[in-house]
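Reader: I have a model open and want to go through a few local features. Can we start with the terms?

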Amino acid sequence: MSETPVTHFSGWGRYPRIAGRQRYGENLERITKGAVLSRGLGRSYGDASLPPAGDHVVAVTTRADRVLSFDRDTGVMRAEAGLSLAELNRLCWPLGWCPPSSPGTQSVTLGGMVAADVHGKSHHSEGCFGAHVLALRMRVADGRILDVSDDSEPELFRATLGGLGLTGHVLEVTFRLRPTTSPWIEAESERYDDLDALLDALAGASLDWPYTVAWADLSSRGKSRGRGILDRGRAADPKDAPRSLPVPRRTFTVPVVCPALSELTIRSLNFARFWGRPQRRLGIAHPESFFYPLDVVGRFNRLYGRRGFTQYQAVLPARSGRAACVKVFDILDRMKATPLLCVLKDFRNEGKGMLSFPMHGLSLAIDRPMCDHTQAVVDAMNDHVAAEGGRVYLAKDALTRPEHFHAMEPRLDNWLRVRRIWDPDSVLKSALSVRLFGDAR
Ligand SMILES: Cc1cc2nc3c(=O)[nH]c(=O)nc-3n(C[C@H](O)[C@H](O)[C@H](O)COP(=O)(O)OP(=O)(O)OC[C@H]3O[C@@H](n4cnc5c(N)ncnc54)[C@H](O)[C@@H]3O)c2cc1C
């Protein structure tokens, strides 16, 4: 077991940076003793994986990554919380299994996937990761180690799926993989010239394709604002796919923190991305290119400049219609905040976790470098999202105000009630829980 001195660290957005101690070790029962929070690979963007500022200890789980059991007939696996999704893929693809839900990077741990109840391109077909979790072994605030599931402490189980580490340290995860015909993906990508065409295609694709995602170009003006590219995919038919297993892709790493991205660079990159794709492309894709396209650039978070960046992800309920999405784009235009990236996803049912982010509707994820008016932009979007009955994704968030989050989350009181039962003194806490739930530092 080792522990760093008090140093500043951050999530993926490199904002905020907060001081604390990080404790590493292979034995999660040992390293979580006295820690205020667990942390995986730090791929949440904002302050979810950071301790409150000060001298607090965070348990970093990444050295505890053993698979404890795997049933080749049912696909049920039990593994330590620090197992990464990259390693899980490497192990399960050759055996004809795949994760049922995969976020846009494979540099995440099982514990992080549970605590954020992550969703992926398969949300409309498979739901969140938590829907496939059968049981958790966890350390709760009073130090006890418990096995929780739908049958044993079901409230704690559901509060922990999407509970951002605030109901306990997850030590082990038992979950069900999905059988697959091939790890390779039959992929189709197509360009659409306006937002309506793109959203029609996204909705249509969700009926036939298990994996869908769209990217929208918000740098173009007039009718073409929101034009974009739809990617859809399914497991390839083995007769069409390469016989070999996919080998990990070559990656390159951004070596230094770059100067801040200018508005002109952001617009040019959007333009290049749109026109850089053929009108329509069909083929067999490497699973890493299809599911985790950004992983090819290591430490791409350095591209956004010294101040870091934020990803604002919100879901707008289906009943709000497209006008609600257009209004988000209007806010960004009005506040001169063109995103580098705008990703759209079609969400279906609400997750099983008490605070799971998805709901039936349209999800928008918007990347922006941090600048002087980022807080004002997030406030304006949150006014709108709250008024529409939508909500933000806390695993990406650093700037939402408590009054906005409370207005968005009718489920919050119930989750806080369960948290209080298991941790009346808020022993487990994070920078996010101080910001949003009023925990003491
Ligand atoms: C490029 C990129 C793309 C992404 N795409 C998606 C996406 O498509 N869908 C999606 O849902 N998310 C997405 N994310 C977000 C990411 O999946 C989540 O933030 C995930 O939680 C990160 O896992 P991690 O292991 O890095 O956890 P961390 O970032 O280290 O921690 C995240 C949260 O989990 C808690 N936690 C971690 N381990 C444990 C544990 N053992 N016990 C208890 N709590 C724990 C932490 O306290 C924190 O609250 C993306 C992130 C990046 C960088």
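Author: A residue counts as buried if 20 or more other C-beta atoms lie within 10 Å of its own, exposed if 12 or fewer, and partly exposed in between, with C-beta atoms placed from the backbone. Helices (H or I, at least four residues) and strands (E, at least two) are DSSP runs, numbered from the N terminus. This is a predicted model: local features need pLDDT of at least 70, side-chain atom pairs count only at pLDDT 80 or more, and totals for chains, interfaces and linings use all residues. Residues are numbered from 1 along each chain as its sequence is written.

Reader: Fine. Which residues of helix 12 are buried?

Author: Trp 415, Arg 419 and Trp 422 are buried in helix 12, residues 412-422. Seen down the axis, they fall within an arc of 65 degrees (taken from the directions from the helix axis to the C-beta atoms), so they line one face of the helix.

Reader: And what does the face turned away from the buried side carry?

Author: That face of helix 12 has the exposed residues Asp 413, Arg 417, Arg 420 and Ile 421.

Reader: What covers the buried ones?

Author: Helix 5 (154-160) is included in the cover over the buried residues of helix 12.

Reader: Switching to helix 9. Which residues are buried there?

Author: In helix 9 the buried residues include Ala 324, Cys 325, Val 328 and Leu 332. They cover an arc of only 100 degrees around the axis, which puts them on the same side of helix 9. On the other side, Ala 323 and Arg 334 are exposed.

Reader: What comes just after helix 9?

Author: Lys 336, with a positive phi of about 50 degrees.

Reader: Sheets next. In what order do the five strands of the open sheet run?

Author: The order is 6-7-11-9-10, with antiparallel pairing; two strands pair if DSSP finds at least two bridges between them. Strand 6 (67-70) and strand 10 (145-149) are the edge strands, each pairing on one side only.

Reader: How many bridges join strand 6 to strand 7?

Author: Three bridges join them. Val 67 stands opposite Ala 79 in strand 7.

Reader: Last one, Gly 222. Buried or exposed?

Author: Gly 222 is exposed, because it has 6 other C-beta atoms within 10 Å. Its place is in the loop between strand 14 (211-217) and strand 15 (227-235). Gly 222 and Trp 422 are 53 Å apart, C-alpha to C-alpha.

Terms used: Contact = placed C-beta atoms within 7 Å.
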